[in-house]
Amino acid sequence: MVNYKEYFKLSFLYTIIAAFPNVLQLVVYPIIEGNNKLTPVDFGHLAITEAITTFAFIAILFSMGSGISRFYYDYKETKDGYNKLVSTTYNGILIRGALLLGTCFIISPFIGKLFASATLQDFGRYGFALVITGINRSIITAAVSLYRNEKRVSSFILVNVASGIFRSIFQVGGIYLFEMSFIGYVYGTAIGGSIVSVAILAYSWYTHGLHYTKSIRAEIYKFASPLFQYELISWGLSFADRFFLMDSPLKLGIYDNAMKFALGIQLVIQGLSSATQPEIFELMHKGLKENMQSIKSLSNMFVMQAIAIIALAIIPVMVFISVFYETDLRLSATLISIVFIRYILRAQYQVFSIPLLFNKKTKVFSIINTAILVLNIGLNWLLIPILSIYGAIVALLFSFSVQVIAIHFVQQRYIPIAWNYKKVLVYPLSIILFSALVETLKVWFNINPYLAAALIVAYIFVGMWLLYKTELIKIINKRFNPAKR
């Protein structure tokens, strides 16, 4: 049986802590945006640098977050093997980071020529800081993945809180003390993250020693290679639209600002996954058939929590942008509901991926997601010239919906699970369709964005009550009626 009290406690904690760095990040944006500060065009430049940083992060991490999380169960019983696993993971990140820095040094003049903006063309001035940020993110990601599996909650909290605080402080310092442009922000990000990542490495080397074991490296790489390919494809899915919008820096800045807030939702879902994935892995480790009902229950709760958090965040974020932003970036508030809803698809994808990850069926990710990337790029190419920002949104929603359906089909073929389809597939997809309809009517008939968002939120909670009424009543009774606990 699932211990719902413990699950909700952990999922709430992991969600709040995982979201903390991004919440601080969102506080930084109004501080650095405005008249005589960073403009929407500057934010457009930041959209491109974030795309490059994320690419560097994926290349350097090489899916070691998932790798160390999965192989933890294979090595946790042997101290020597476990120490080698942890140390090999961190040292591999550093080696790949050094190689990418060297590559960046050689080809930076050629990278700059890819951009029309004269500011972005001077890649040698800011490119190295982007790679360093990628190294820092990789180390922090591997650390929090390890700590959540070890259930070292205090370490998980410390790393997330420290990374958020140091990054935000140095970003603001970089803007006001170094240069009032995206360059100051980029350097501040690199320096703030480096403080945390150096501390993690020092602690790890002291605790686990200095190892780079060939056999462990080969085993994890075999598991992680398809996931790495998937992450590259996901990068293309997430950032292709930015490059298609690059010819209009103002629109790019508005769109990317909405997506920055949406990234906060993604991190919240990752926090939920931090509580859910290890629990499901543990149940599968004990026996898939014996624990099928518990696996399904945890998956249902994960999807429900993700949808509820998305719905609760929509209107407050719209208000925050409207109140605290000064420039045309305020227009990004009108996009929040539709870009937030996209992450429901992310939650579904996580659910259907977990059984494949545990059974190390990672090759299927490459095939599915390559096809989805081609579809997404094609849709961006066709739709952005016609629909501008909404072309990018339509391309994302359609391609990610196809991705969810495809991964579910493959998961069922390899590891059949009798899901409650109303809860994990039909209801979430109905929210996507309803939100798309409301957004279309909003644009055609100039409906107030807050009214449109309220309709979407109402649809979500009515559907949730109808589907989860029994579970919600049990939770409420246990919370407020001690005799039934």
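Axes, in this tour, are lines fitted to C-alpha atoms, for helices over the stretch in contact, and the angles between them run from 0 to 180 degrees between N-to-C directions. The structure on display is a predicted model.

**First stop: α6 and α7**

Select residues 123–150, which form helix α6, and residues 153–178, which form helix α7. The axes of the two helices come within 8 Å and cross at roughly 155 degrees. Angles over 145 degrees count as roughly antiparallel, so α6 is roughly antiparallel to α7. The crossing of α6 past α7 is left-handed.

Next, display the side chains where the two helices meet. On the α6 side, select Ile 140, Val 144, Tyr 147 and Arg 148. On the α7 side, their partners are Ser 155, Phe 156, Val 159, Asn 160 and Ser 163. Sorted by class, this contact of α6 with α7 has five nonpolar, three polar and one charged residues.

**Second stop: the nonpolar core**

Select Tyr 90, Tyr 126, Ile 336, Phe 340, Ile 341, Phe 365 and Ile 460. These residues have the most contacts inside the largest nonpolar core, which has 152 residues. Helix α11, residues 292–324, gives the most to this core, with 17 residues.

Which residues does Tyr 90 touch, when those up to four places away in sequence are not counted? Select Tyr 90 and look for Ile 139, Ala 142, Ala 143, Leu 146, Ile 200, Leu 201 and Ser 204.

By class, the contact of α11 with α12 has 17 nonpolar, three polar and no charged residues.

While α11 is in view, select Ser 294, which lies in this helix. Is Ser 294 buried or exposed? Its relative accessibility is 11%, so Ser 294 counts as buried.

Select helix α9, residues 214–244, and helix α14, residues 389–414. The axes of α9 and α14 come within 8 Å and cross at roughly 155 degrees. The two helices are therefore roughly antiparallel to each other.

Where they meet, α9 presents Tyr 230, Leu 237 and Asp 241, and α14 presents Ala 392, Leu 396, Ser 399, Phe 400 and Gln 403. The residues of this contact divide into five nonpolar, two polar and one charged.

Two residues of α14 deserve a separate selection. Begin with Gln 403, which lies in this helix. Gln 403 counts as buried because its relative accessibility is 3%. Leaving aside residues up to four places away in sequence, Gln 403 touches Tyr 230, Leu 237, Tyr 349, Asn 369 and Ile 372.

Then select Ser 401, also placed in α14. At 16% relative accessibility, Ser 401 counts as buried, since the cut-off for that word is under 20%. Ser 401 touches Leu 345 and Ile 432, residues up to four places away in sequence not being counted.

Select helix α2, residues 40–61, and within it Ala 56. At 4% relative accessibility, Ala 56 counts as buried. Which residues does Ala 56 touch, not counting residues up to four places away in sequence? They are Leu 100, Leu 130, Val 131 and Gly 134. Although Ala 56 and Leu 100 are 44 residues apart along the chain, their C-alpha atoms are separated by 7.7 Å.

Now turn to the loops. Asn 36 is placed in the loop between α1 and α2. The phi of Asn 36 is near 65 degrees, a positive value in a residue other than glycine. At 79% relative accessibility, Asn 36 counts as exposed.

Finally, select Phe 62, found in the loop between α2 and α3. Phe 62 has a positive phi of about 50 degrees, although it is not a glycine. With a relative accessibility of 13%, Phe 62 counts as buried.

How values were computed: Residues are numbered from 1 along each chain as its sequence is written. This is a predicted model: local features need pLDDT of at least 70, side-chain atom pairs count only at pLDDT 80 or more; totals for chains, interfaces and linings use all residues. Side-chain values use heavy atoms; hydrogens and water are left out. Helices (H or I, at least four residues) and strands (E, at least two) are DSSP runs, numbered from the N terminus. Angles under 35 degrees count as roughly parallel, over 145 as roughly antiparallel, 65 to 115 as roughly perpendicular and the rest as oblique. A crossing is left-handed if the near helix is turned anticlockwise from the far one by less than a right angle, and right-handed if clockwise. Contact means heavy atoms within 4.5 Å. Ala, Val, Leu, Ile, Met, Phe, Trp, Tyr, Cys and Pro count as nonpolar, Asp, Glu, Lys and Arg as charged, and the others, Gly among them, as polar. A nonpolar core is a set of buried Ala, Val, Leu, Ile, Met, Phe, Trp, Tyr and Cys residues joined through side-chain atoms within 4.5 Å. Buried means under 20% relative accessible area, exposed over 50%, partly exposed in between (1.4 Å probe, protein chains only).
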